[in-house]
Amino acid sequence: MPELPEVESLARLLDERLAGRSVGRVYVVAVHALKTYDPPVSALEGRAFGGVRRYGKFLDLRVGELHLVMHLGRAGWVRWSEKLAVVPPRPGKGPLALRVRLGEPDDGAGFEVTEAGSQKHLAVYVVQDPQEVAGVARLGPDPLAEGFTLEVFGGLLEGERRQIKGVLRDQSVLAGIGNAYSDEILHAARMSPFRLAGTLGADEVGRLYEAVGTTLGEAVERARGTALKDLKAEKKSGLRVHGRKGEACPVCGDTIREVSFSDSSLQYCPTCQTGGKILADRRLSRLLK
């Protein structure tokens, strides 16, 4: 799933490429992905792009007085082309969900939004204000914002009875962190994913706060200047524990372990994070605290 660093990079790249350009035609190929109908997508046509920014994992493309807001779900992506296909796309079973062709004098260039796999979570909105999108309106503070201080972070965790892994992924608590980067953050903080957030001491909160900023900031910097088509591969290459079950921990050399759930999994290092204890697979037995 694209998370904060990848969406931030997408926003920067699209902002550079769309500056001074306008929308020619918008083709909605996957009708289920379009979550709004007023204004219609046709209202974007003929309007100039006014900037691209990120809200958590949401992309916001300002088009005139309107906003094209997208959430890429689990397997969505944006593909840029200087020469899109001339023939209008037809709805089908392929990955193409949305095509935006630029207007003159850039006619032919533009981008496509795709979604792989059978589970469809891609969401596209045309709104007058991004806050009209429920997912944007409920977002917690952005971990890379200037005002995101240690005090703010500590306040978010105070009295929290949930496990820290789930808290980090809760978009209403922190905007933009998903399964992969929560694994990376907890590994950098040397913390079990199942520690109860509200029980963390001041030193642990500080360590976790530093890990959030460092992990996300370094990921954004690694992606800087990377082509759109290479961003996914760059993300994978930069991960130390997530998706690396059975490999050696780059810090201590222990074997990276996994805990699987019904629709997801997490990876961690026992030596770095749980005092050497192996966490039981949730599908097979109760979790070892």
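A residue is called buried when its relative accessible area is under 20%, exposed when it is over 50%, and partly exposed in between, using a 1.4 Å probe and protein chains only. By this rule arginine 25, with a relative accessible area of 41%, is partly exposed. The structure is a predicted model, in which local features need pLDDT of at least 70, side-chain atom pairs count only at pLDDT 80 or more, and totals for chains, interfaces and linings use all residues. Residues are numbered from 1 along each chain as its sequence is written, and side-chain values use heavy atoms, with hydrogens and water left out.

**Salt bridges**

- The whole structure contains 17 salt bridges, a salt bridge being a side-chain nitrogen of Lys or Arg within 4 Å of a carboxyl oxygen of Asp or Glu.
- Arginine 25 pairs with glutamate 45 in one of them, with 3.5 Å between the closest N and O atoms.
- Because arginine 25 lies in strand β1 (residues 23–28) and glutamate 45 in the loop between β1 and β2 (49–55), this pair ties together parts that are 20 residues apart in sequence. Strands (E, at least two residues) and helices (H or I, at least four) are DSSP runs numbered from the N terminus.
- Glutamate 45 is partly exposed, at 26% relative accessibility.
- Glutamate 8 and arginine 12 form a salt bridge at 3.0 Å, N to O. Both belong to helix α1 (residues 4–18), where they are 4 residues apart, about one turn of the helix.
- Glutamate 8 is buried at 15%, whereas arginine 12 is partly exposed at 31%.
- Glutamate 247 and arginine 244 also meet in a salt bridge, at 3.4 Å from N to O. Here glutamate 247 is partly exposed, at 38%, and arginine 244 is buried, at 19%.
- One network of salt bridges with shared partners joins Glu8, Arg12, Arg54 and Asp142.

**Cysteines**

- The structure has 0 disulfides, a disulfide being a pair of cysteine sulfur atoms within 2.5 Å.
- The closest cysteine sulfur to that of cysteine 252 belongs to cysteine 269, and at 3.4 Å it is too far for a bond.
- Cysteine 252 is partly exposed, with 36% relative accessibility, while cysteine 269 is buried, at 0%.

**Glutamate 132**

- Glutamate 132 is placed in the loop between β8 (123–127) and α2 (134–137), and at 47% relative accessibility it is partly exposed.
- A polar atom of the side chain of glutamate 132 lies 3.4 Å from the backbone nitrogen of glutamine 128.
- From glutamate 132 to tyrosine 27 there are 105 residues in sequence and 22 Å in space, C-alpha to C-alpha.

**Pocket and cavity**

- On a 1 Å grid over the protein atoms alone, a cavity is a set of points where a 1.4 Å probe fits but cannot get out, and a pocket is an open set with protein on both sides within 12 Å along at least five of seven lines; lining residues have an atom within 4 Å of a point.
- Grid points are joined across faces, edges and corners, and a volume is the space filled by probe spheres set on the points.
- The largest pocket has a volume of about 900 Å³. Of its 35 lining residues, Met1, Lys57, Gly73, Arg74 and Arg169 are the closest to its centre.
- Helix α7 gives the most to the lining of the largest pocket, namely 3 residues.
- There is 1 cavity of 30 Å³ or more; the largest cavity holds about 40 Å³ of space.
- The residues that line the largest cavity are Val28, Ala30, Ala33, Leu34, Ala97, Leu98 and Val124.

Key
Polar contact = N/O pair within 3.5 Å; in protein donor to acceptor, adjacent residues only side chain to side chain.
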